[in-house]
Amino acid sequence: TIDLYTGSPKTLLPQAQIKHHGYISYNTKMPEIFRTSKINLNITLRSIQSGIPLRAIDILGCGGFLLSNDQEELAKNFIDGKEIVLFENDSDLSEKTDYYLSHENERMDITINGYQKAALLYNYETSLNKIFSLCGLT
């Protein structure tokens, strides 16, 4: 079963496999869902051409397994198959979903590595130092 958290009931997935939950609080419930889900999908809108989606960092920061469409910046900052998993198209997404659902130890290793990398790159001290540097304050 796929758990789907959205206000929109329309999806391209077979309805028999989906359990719709509607909207939930991003600040209180979503971190628990990211952490406890076997696989969290990040599918970036086609209009977003660059950058690391906040959703991806949120998933990793909550200790969740991230399966994302291939974004250049994600691939530059995280190791595919070691810290996150990237997919190229629908069939690749399906294959990787099946694979990681049946390889729990590997999935858990990637989850831990992704969390550690996100904590290293996106903690307050590192982020504030980068902002101050960009503003010429250091």
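This is a predicted model: local features need pLDDT of at least 70, side-chain atom pairs count only at pLDDT 80 or more; totals for chains, interfaces and linings use all residues.
- The buried residues of α5 are R107, I110, T111, G114, K117 and A118; because they cover an arc of only 140° around the axis, they lie on the same side of α5.
- Among the elements that cover these buried residues are α2 (54-61), α3 (72-77), β5 (85-87) and α4 (90-101).
- On the face turned away from the buried side, α5 carries N105 and L120, which are exposed.

**Surroundings of L121**
- With a relative accessible area of 27%, L121 counts as partly exposed.
- Once neighbours within four places in sequence are left aside, L121 is in contact with N77, F78, T126 and S127.
- Y100 stands 21 residues from L121 along the chain, and the C-alpha atoms of the two are separated by 25 Å.

**The second largest pocket**
- The second largest pocket holds about 200 Å³ of space, and its lining consists of I57, G61, Y115, A118, A119, Y122, N123, Y124 and S127.
- Two or more lining residues come from each of α2, α5 and α6 (124-134), with α5 giving the most, at three residues.
- Sorted by class, the lining of this pocket has six nonpolar and three polar residues, and no charged ones.
- A118 is both one of the buried residues of α5 and part of the pocket lining, while S127 is both a contact of L121 and a lining residue.

Notes. Residues are numbered from 1 along each chain as its sequence is written. Side-chain values use heavy atoms; hydrogens and water are left out. Buried means under 20% relative accessible area, exposed over 50%, partly exposed in between (1.4 Å probe, protein chains only). Helices (H or I, at least four residues) and strands (E, at least two) are DSSP runs, numbered from the N terminus. The arc is that of the directions from the helix axis to the C-beta atoms. Contact means heavy atoms within 4.5 Å. On a 1 Å grid over the protein atoms alone, a cavity is a set of points where a 1.4 Å probe fits but cannot get out, and a pocket is an open set with protein on both sides within 12 Å along at least five of seven lines; lining residues have an atom within 4 Å of a point. Grid points are joined across faces, edges and corners, and a volume is the space filled by probe spheres set on the points. Ala, Val, Leu, Ile, Met, Phe, Trp, Tyr, Cys and Pro count as nonpolar, Asp, Glu, Lys and Arg as charged, and the others, Gly among them, as polar.
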